[in-house]
Amino acid sequence: MLMLDLQCDICEKDISIGEGHVSITYNIENFMQKKGTLDLVVDVITSDQIFTMCGKCANKRSASHAEKILETTLRVSDPRLN
Ligand SMILES: [Zn+2]
């Protein structure tokens with residue numbers, strides 16, 4: 001049986017195949033435009049999963065709340081932290 005090496009970063013529960021979960025990834029990416037069609041495509045250079053929650057922990061936290069926490073944390077104006 002194939003096992004995932006994936007755990008909830010809050011409760012440390014193992015996350016199984018087929019089990020809903022929430023992940024926050026940190027992508028370095030670059031938008032490109034196709035010649036001819038001018039369609040936009042994204043070129044993902046690197047993708048790191050930086051935070052994972054099992055379904056139970058994720059249900060206690062909304063996406064908008066997580067977004068506010070990230071915005072507040074990443075907009076720190078203290079130059080020692082940037
Ligand atoms: Zn959890």
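A residue is classed as buried if 20 or more other C-beta atoms lie within 10 Å of its own, as exposed if 12 or fewer do, and as partly exposed in between, with C-beta atoms placed from the backbone. The model is predicted: local features need pLDDT of at least 70, side-chain atom pairs count only at pLDDT 80 or more, and totals for chains, interfaces and linings use all residues. Residues are numbered from 1 along each chain as its sequence is written.

The protein chain holds two helices and two strands. Helices (H or I, at least four residues) and strands (E, at least two) are DSSP runs, numbered from the N terminus. Read from the N terminus on, the order of elements is β-β-α-α. The C-alpha trace spans about 45 × 45 × 20 Å along its principal axes. The radius of gyration of the protein chain is 17 Å, whereas a compact globule of 82 residues would have a value near 12 Å. The radius is taken over C-alpha atoms, and the globule rule is 2.2 Å times the number of residues to the power 0.38. Burial is at 2% of the 82 residues. Contacts are scored when the C-beta atoms of two residues, placed from the backbone, lie within 7 Å. Of the contacts with a separation of 6 or more, 52% come from residues 24 or more positions apart.

Strands E1 and E2 run antiparallel and are joined by 13 bridges. Two strands pair if DSSP finds at least two bridges between them. E1 covers residues 21-33, and E2 covers residues 40-54. Within this pairing, Ile-24 stands opposite Phe-51 of E2. Thr-25 has Gln-49 as its bridge partner in E2. None of the 13 residues of E1 is buried, so this strand lies largely in the open.

The hairpin of E1 and E2 has six residues between the strands. Gly-36 takes a positive phi near 90° in this hairpin. Leu-38 lies in the loop between E1 and E2. Its phi is also positive, at about 65°, although Leu-38 is not a glycine. Most residues other than glycine have a negative phi. Leu-38 is exposed, with 7 other C-beta atoms within 10 Å. A further positive phi in a residue other than glycine occurs at Glu-12, near 70°. Glu-12 sits in the segment before strand E1. With 8 other C-beta atoms within 10 Å, Glu-12 is exposed.

Cys-54 belongs to strand E2. Cys-54 is buried, having 22 other C-beta atoms within 10 Å. Residues up to four places away in sequence aside, Cys-54 touches Cys-8, Cys-11, Lys-13, Ile-15 and His-21. His-21 is 33 residues from Cys-54 along the chain, yet their C-alpha atoms are separated by 4.6 Å.

Asp-48 is also found in strand E2. Asp-48 is exposed, with 9 other C-beta atoms within 10 Å. Its contacts, leaving aside neighbours within four places in sequence, are with Thr-25 and Tyr-26. The C-alpha atoms of Asp-48 and Asn-27 are separated by 6.4 Å, and the two residues are 21 apart along the chain.

Val-44 likewise has its place in strand E2. Val-44 counts as exposed, with 10 C-beta neighbours inside 10 Å. Not counting residues up to four places away in sequence, Val-44 touches Asn-27 and Glu-29. Ile-69 lies 25 residues from Val-44 along the chain, and their C-alpha atoms are separated by 25 Å.

Helix H2 comprises twelve residues, 63-74. The expected span of a helix is 1.5 Å times one less than its number of residues. For H2 this gives 16 Å, which agrees with the 16 Å between its end C-alpha atoms. An α-helix has 3.6 residues a turn, so residues three or four places apart point the same way. The number of buried residues among the twelve of H2 is zero, so the helix lies largely in the open.
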